[in-house]
Amino acid sequence: MVYTLAATTLTVAAPIGCDTSSAEGAEPRAADASARPGVVVTGDDDEMLVLEVTAANRVVVRLPRVEVGQGVTTAVAMMIAEELDARLSDVDIPLADARTKGSQFTGGSNSVSSLYGPARALAATARARLVTAAARQWRLPARTLRTRNTMVVAPDGRTATFGSLTAAAAKVTRPAVSSKPKPPSRHKVIGKPTTRIDARDIITGRAQYAGDLKVADAKPTVVARPPTLGGKIRAVEDRPARAMPGVRAVVRVAGGVAVVADTFHHAFQARDALRITWAPGPLAALSDPAVRARLRAAVPPLGAAPSGSTQVTGEFEFAFVSHAPMEVLTTVADVRADRAELWFSTQTPMDARDAIASAVGLPASKVKVHVMRGGGSFGRRLNHDFAIEAALVSKAARRPVKLMWSRGDDLRHGRMRPATHHRIRASHKGGRVVAFVHATSSVSESWEGEGLAAQGGVTSLAARTGRAAAGPLPSDSGLYNFGRLSGDSGDVALAAIPLGAWRSVDSGTSRTVEEIMVDEIARSLGKDPVAFRRTTLRNKTVRAVLDKAASAGSWGRTMPAGHGQGMAVHEEYGSCVACLIEIDATDPKNPRVTRAVMAADVGTAVNPRGLEAQLMGATTDGISTVLRAGLHIDRGAIREGSFDDFRYARQRHAPLHFEAHIMPSTGEPGGAGELGVPAAAGAVANAYARATGSKPRRFPLTF
């Protein structure tokens, strides 16, 4: 139900995912008498999406999701502004602290789809109560009043801001007008390309990240880490570091030795002055060739092919890939004997709070987690190993700390997408595919003892997203009419490998190779890849985005020698996308994507401009992981340590031309944050194959 809460300001709260059809006429709840002015707290508030209208005419909704650059705060602000008839500039979407009930999970591309109904119902209820309050004040029929620009307007032109009505609206128990959300035909904000509400703050530096915080006495902290994954300390000589200017503490933690100092400059200098003898990690004898050999051997057999059929086969390898968000992992932690308070960006604040409480030996009720905006994530902030480490350092040093992982720390000791091996066989007979089998193997995580406890993480990702957290699922080629589908998976357990869900999780590899195989099947049948997809796809919505991308991108146009086009499609999260890529591979060792055309159907696109940005980012991910970026294991260590050698696409690798076409729809919103990665990656690989006449099998191609 949707409730209004008695207070000095209008505050409306709704459980996320509730049935809002019974909102009208709901009985009010009394506010907690101890609530500070302007904020209402109830026994159920931890699982509520709460909307407050302040006397200053601000509309405030504390968001139970994290903003990591995907634009969710703007999308929710648009939903609220739409139903309230408020100016977007009057809507504030701060991030909610970790709660004790409900869901604050940000992942699986579900933020917009899960909040679309509750947020609009919440705002519609608030609008109905504000109109009722104005009608009573003016002694006019409520049905004659209108709302616009964060105010109520009377037929004679009188206006009242929402803020001036908020106290009276808080006392309304039964609105005199409907509190149902608008039909799509009346939308004026939803569906319109909109600049992010935080764009100016980000550009001018006003946006606050964990590294910007100035928490009293929180000192800069860095950690000296082992040269190999899972390495252990044998001996530490820390006296020279302790004697250096500005050093406040040197403490041992599970991951190494932490230095707390007055500035990060002092902390890094003292870290480098530590003399540590390390025992090698459990993978010290292992390098990439051995990892690839184990993965190849772990792929389950494909079984017998249908008799009388022709086979199209392929084996594919993917390297480990780091998330590498632009904002390095940073946590401010203040752990005391009886309580703890932390500030960091996290996709799983409730899980993080519980894990931190367990690590420092406090009840969860004594740990407060403030969720900060993040400068990128791509799945990295699903895990909270860095926050647990900060809490343990703060506890050991007996003071607040601001712990920062360097870029090298995150690349060499942070979470990564697992390396995988894929074996696919398509069998065709009589001009059609009669069987398709996709078997895979993946590196799996195998932490032991304190290593697992110290790293933290999400153990229930598969349950939350419906997909595997590490390692691809069997074939998803049900997208096509490919006859009998089958698949199996194996894994290679490597102790000390810190794995994590990377943007698009298993689809980023499994669907990529399936789209490569679709091109090769078409070639075997003597058919054009797009024409083959068009006649083989099961879903007409996917066919529509394919047709849009093909027409907008002029599929089949004559290309110069060494250039090529590639196409791929993907369907997931209740959405679908097609991507056309053009590539210049005249130098096959240094290819450049010159053009990218995306077409997507995500149901109602709340903010088409934000969706376009998501698709553009997905294209960059596809370019990077297919052509350039990956992590090498070299005698138990990650070789890469910066963007110099972890070669993610830069501006000079971006398409010279990018366009996104959003298909019109009035359906419920689907997911988009991860949607474009498999299509972009598959299209890049297919364009490269057509440009060079090769069959790419190992990714990134530069490995």
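**View 1. How much of the protein is tucked away.** Of the protein's 703 residues, 59% are buried, where buried means under 20% relative accessible area, exposed over 50% and partly exposed in between, with a 1.4 Å probe and protein chains only. What you're looking at is a predicted model, in which local features need pLDDT of at least 70 and side-chain atom pairs count only at pLDDT 80 or more, while totals for chains, interfaces and linings use all residues. Residues are numbered from 1 along each chain as its sequence is written, and side-chain values use heavy atoms, with hydrogens and water left out.

View 2. The mean pLDDT is 90, with 89% of residues at 70 or more; pLDDT is the predictor's confidence in each residue, from 0 to 100. Over residues 1-6 the pLDDT is below 50, yet this stretch has 39 contacts beyond near neighbours in sequence, a contact being heavy atoms within 4.5 Å. Residues 17-47 also have a pLDDT below 50, and that stretch makes 54 contacts beyond near neighbours in sequence.

View 3. The protein has 17 helices and 31 strands, which are DSSP runs (helices H or I, at least four residues; strands E, at least two) numbered from the N terminus. Three of the strands form an open antiparallel sheet in the order E6-E7-E8; two strands pair if DSSP finds at least two bridges between them. At the edges sit E6 (146-148) and E8 (159-161), each pairing on one side only. On average, neighbouring strands here are turned by 25° against each other, direction ignored. E6 and E7 (residues 151-153) are joined by 3 bridges, and Arg148 stands opposite Met151 in E7. Helix H3 (residues 162-169) lies across E6, E7 and E8, at about 75° to E8; axes are lines fitted to C-alpha atoms, for helices over the stretch in contact, with angles from 0 to 180 degrees between N-to-C directions.

**View 4. Strand E21 and its two partners.** E21 (residues 420-429) is mostly covered, with 9 of its 10 residues buried. It pairs with E14 (residues 310-318) in the antiparallel sense over 9 bridges, and Glu317 faces His421 across that pairing. Another 10 bridges join E21 to E22 (residues 432-445), also antiparallel, with Ala426 opposite Phe436. The hairpin of E21 and E22 has 2 residues between the strands, and Gly430 there takes a positive phi near 65°.

**View 5. Inside the largest nonpolar core.** This core has 67 residues, and Ile521 and Met567 have the most contacts inside it; a nonpolar core is a set of buried Ala, Val, Leu, Ile, Met, Phe, Trp, Tyr and Cys residues joined through side-chain atoms within 4.5 Å. Its largest share, 9 residues, comes from helix H17 (residues 676-692). Not counting residues up to four places away in sequence, Ile521 touches Val312, Ala426, Val433, Phe436, Phe482 and Phe532. Apart from this core lies another of 49 residues, Val66 and Trp138 among them.

**View 6. Ala683 up close.** Ala683 is found in helix H17 and is buried, with a relative accessible area of 0%. Leaving aside neighbours within four places in sequence, Ala683 is in contact with Gly566, Met567, Ala568, Cys579 and Ile581.
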